[in-house]
Amino acid sequence: MTNPKTAGNNGITTIKSANSVTQSIDQLEREIHKRNMNVFARVNHAAGAQKIGTELRPTELLIFGSPQGGTPLMECSQSIGLDLPLKALAWEDGNGVVWMSFNDLAYLAERHGISECAKVEKLNNVLREMITASTAKAN
């Protein structure tokens with residue numbers, strides 16, 4: 001069930017997940033490790049909200065990347081380091097549907113004036129493949 005929708009022109013792509021928030025992030029972690037990339041942090045926003053006595057629907061953020069992917073982009077423009085490492089957010093909406101959102105690399109490249117950078121398209125395809133795999137029905 002991958003029907004990507006891009007929110008306006010803000011560069012956020014959102015794909016429906018067939019899994020829970022936690023399963024989606026777990027699967028994304030496996031995809032990241034398969035590609036010898038690094039997971040830098042996993043943030044459970046709902047758990048954070050509980051610490052202050054507030055309830056938030058399941059929401060988890062994964063921060064990940066690799067020097068092999070990020071460095072070529074930063075060689076094109078160091079300012080893209082503001083948007084690296086990559087991030088993916090799995091979240092449950094008010095109807096119980098789980099979504100995975102991420103920043104489209106082509107949008108980030110345009111934002112930083114490096115749309116012609118050689119690695120953008122390849123890296124964007126890898127990112128989309130990983131997100132698609134993480135939102136497919138868990139085995």
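## Salt bridges and the fold around them

The structure holds 8 salt bridges, a salt bridge being a side-chain nitrogen of Lys or Arg within 4 Å of a carboxyl oxygen of Asp or Glu. Side chains of opposite charge can pair when their charged atoms come close. Before we walk through them, please keep in mind that this is a predicted model, in which local features need pLDDT of at least 70, side-chain atom pairs count only at pLDDT 80 or more, and totals for chains, interfaces and linings use all residues. Residues are numbered from 1 along each chain as its sequence is written, and side-chain values use heavy atoms, with hydrogens and water left out.

Let us begin with the overall fold. The protein chain has 5 helices and 6 strands, taken as DSSP runs numbered from the N terminus (helices: H or I, at least four residues; strands: E, at least two). Read from the N terminus, their order is β-β-α-β-α-β-α-β-β-α-α. A compact globule of 139 residues would have a radius of gyration near 14 Å, and the 15 Å of the protein chain agrees with that; the radius is taken over C-alpha atoms, and the globule rule is 2.2 Å times the number of residues to the power 0.38. The C-alpha trace spans about 45 × 35 × 30 Å along its principal axes.

How is the chain packed? Of its 139 residues, 40% count as buried, where buried means under 20% relative accessible area, exposed over 50%, and partly exposed in between (1.4 Å probe, protein chains only). Among contacts with a separation of 6 or more, 65% are between residues 24 or more positions apart; contact here means heavy atoms within 4.5 Å. The accessible surface comes to about 7,800 Å², and 50% of it belongs to carbon and sulfur atoms (Shrake-Rupley method, 1.4 Å probe).

Now to the charges. The protein chain carries 14 positive and 14 negative side chains, with the centres of the two sets 4 Å apart. In this count Lys and Arg are positive and Asp and Glu negative, while His and the chain ends are not counted; each charge is placed at NZ of Lys, CZ of Arg, CG of Asp or CD of Glu.

One of the salt bridges joins Glu 29 to Arg 42, with the closest N and O atoms 2.6 Å apart. This pair links distant parts of the chain, since Glu 29 sits in helix α1 (residues 21-34) and Arg 42 in strand β3 (residues 38-44), 13 residues apart. Arg 42 is partly exposed at 32% relative accessibility. Both residues also belong to a network of salt bridges that links Asp 26, Glu 29, Arg 42 and Glu 60.

Helix α5 takes part in two further pairs. Arg 35 forms a salt bridge with Glu 129, the closest N and O atoms being 3.6 Å apart; here Arg 35 lies in the loop between α1 and β3, Glu 129 lies in helix α5, and 94 residues separate them. Arg 128 pairs with Asp 104 at 2.4 Å between the closest N and O atoms, linking helix α5 to the loop between β6 (98-103) and α4 (105-111). Arg 128 is partly exposed, with a relative accessible area of 27%, whereas Asp 104 is buried at 11%.

Finally, look at Ser 134, also in helix α5 (residues 120-135). Ser 134 is buried, because its relative accessible area is 0%. Beyond its neighbours within four places in sequence, Ser 134 contacts Ser 17, Asn 19, Ser 24, Gln 27, Leu 28 and Met 100.
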